[in-house]
Number of protein chains: 2
Amino acid sequence: MELNDKKVPEVVIKRLPRYYRYLRELLNQDIRRISSNALSKKMNVTASQIRQDFNYFGGFGQQGYGYNVEHLITEIGNILGLNDGEKMIIIGAGNLGRALANHNSFIKRGFKLIGIFDNDNRIVGSSINGIRVMSDSEIESFVQANNVDIAILTLPRSAVHDMANRLVKCGIRGILNFSYSELDVPESVPVENVHLSDMLMTLSYRIKNQKD
Amino acid sequence: MELNDKKVPEVVIKRLPRYYRYLRELLNQDIRRISSNALSKKMNVTASQIRQDFNYFGGFGQQGYGYNVEHLITEIGNILGLNDGEKMIIIGAGNLGRALANHNSFIKRGFKLIGIFDNDNRIVGSSINGIRVMSDSEIESFVQANNVDIAILTLPRSAVHDMANRLVKCGIRGILNFSYSELDVPESVPVENVHLSDMLMTLSYRIKNQKD
């Protein structure tokens, strides 16, 4: 598969995980081949949009016959880097950190959680989902020794900026940030911010604009 | 403010909470007026996109002078229904439910958490963030007696469909679903699905496509 030279738009990137999820569901139902029309109905995206999206990545096979679901999963999985076995750590072992550590769909997607860190000595040494909680001070040596790819931050707002700087310095490749604060890190380290209240606000908008 | 007749596109709806957040940050920094150009730089959206987005809702004031930040916050807050004091319950008091119950940015946005429910009798009766955990069986009467607007579901996949049906029957207005499963509810009840692994997949894509 070759990437086209065209820059892939943000909205298309955001749709890739959705395609991946839907296609996995199809395969679970033993559906082996699907047309862009059928996929379009399931996903609430137009068929031409789907074809356009896929064209950014070379098209993924013959339209007339529909798409081979398994092939599509492999291709999109490769594009998303899911077959690279990326190594993750969670920093912050509070309720959210614990919830994420127990979130098995992460593991199903090929990500490997290899460490959890906290600065609370009462928690350090305990285990969450079979993984030992280590001390904050061990982060740098751990990230370097284990070539950690992704850090998931579930820290208070006041602590997150220093932590992001420490992680960038020791070579982290990407950050998933649950703290309600935009990080100021170099462009070479991508950050995804999870804004839980944005989703609540979107829902609120939909409720308000419901015809009833 | 009058809504234009044009249907507001999905991407614009998704940007509204981001506008809201950025504008609140500006006001916190005591910035009272901002041009679409300045807002555009901060938000990584083009200035013409911002003007287009705002035009769906009547435009929000004179371009030449820039936007009045406080006015914009009020208007967008109204559009998002943030001034309606929507009442929420959390169903599922596991780690994720607890994390959300302690998530103060929800409350800052005008949402009111008024109940937490679980089916584990060891938890029922305890308190999280000052709110008593009630039994699953009390959901219907509570929702009806208190006109609950939003239910936040942090349940196992196997339990979420039955619960969604129960909630629809007793008149819930919207659902924020953290369970990894699409809900089959009537269109009149909007659902926002929070797919944590989608965000991880997007991050993985960005790492993989990083020029380095």
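Colleague: Which residue forms a salt bridge with Asp198(A), and how far apart are the closest N and O atoms?

Modeller: This is a predicted model, where local features need pLDDT of at least 70, side-chain atom pairs count only at pLDDT 80 or more, and totals for chains, interfaces and linings use all residues. Side-chain values use heavy atoms, without hydrogens and water; residues are numbered from 1 along each chain as its sequence is written, with chains lettered from A and ligands numbered from 1 in the order written. A salt bridge here is a side-chain nitrogen of Lys or Arg within 4 Å of a carboxyl oxygen of Asp or Glu. For Asp198(A) the partner is Arg21(B), with the closest N and O atoms 2.6 Å apart.

Colleague: Which helices does the pair link?

Modeller: The pair crosses between chains. Helices (H or I, at least four residues) and strands (E, at least two) are DSSP runs, numbered from the N terminus. Asp198(A) sits in helix H9 of chain A, and Arg21(B) in helix H1 (residues 10–28) of chain B.

Colleague: How many salt bridges does the rule find across the interface of chain A and chain B?

Modeller: Over all chains, the search finds 24 salt bridges. One that joins the two chains pairs Glu182(B) with Arg21(A), at 3.2 Å between the closest N and O atoms. Across the interface of chain A and chain B the count is 10.

Colleague: Which element gives the largest share of the side of chain A that touches chain B?

Modeller: Several elements each supply at least two residues, including helix H1 (10–28), strand S8 (174–177) and helix H9 (196–208) of chain A. The largest share is 13 residues, and its source is H9(A).

Colleague: How much area do chain A and chain B bury between them?

Modeller: Contact (heavy atoms within 4.5 Å) takes 64 residues from chain A and 64 residues from chain B. Leu200(A), Met201(A) and Tyr205(A) supply 13% of the area that chain A buries against chain B, more than any other three residues. Buried area is the accessible area (1.4 Å probe) that two parts lose on being put together, summed over both. Carbon and sulfur atoms carry 63% of it, and the total is about 5800 Å².

Colleague: Which residues line the largest cavity?

Modeller: A cavity is a set of points on a 1 Å grid over the protein atoms alone where a 1.4 Å probe fits but cannot get out; lining residues have an atom within 4 Å of a point. The search finds one cavity of 30 Å³ or more. The lining residues are His103(A), Ser105(A), Phe178(B), Tyr180(B), Val194(B), His195(B), Leu196(B) and Ser197(B).

Technical notes
1 Å grid on protein atoms, 1.4 Å probe; cavity = no way out; pocket = protein on both sides within 12 Å on 5 of 7 lines; lining within 4 Å. Points joined across faces, edges and corners; volume = space filled by probe spheres on them.
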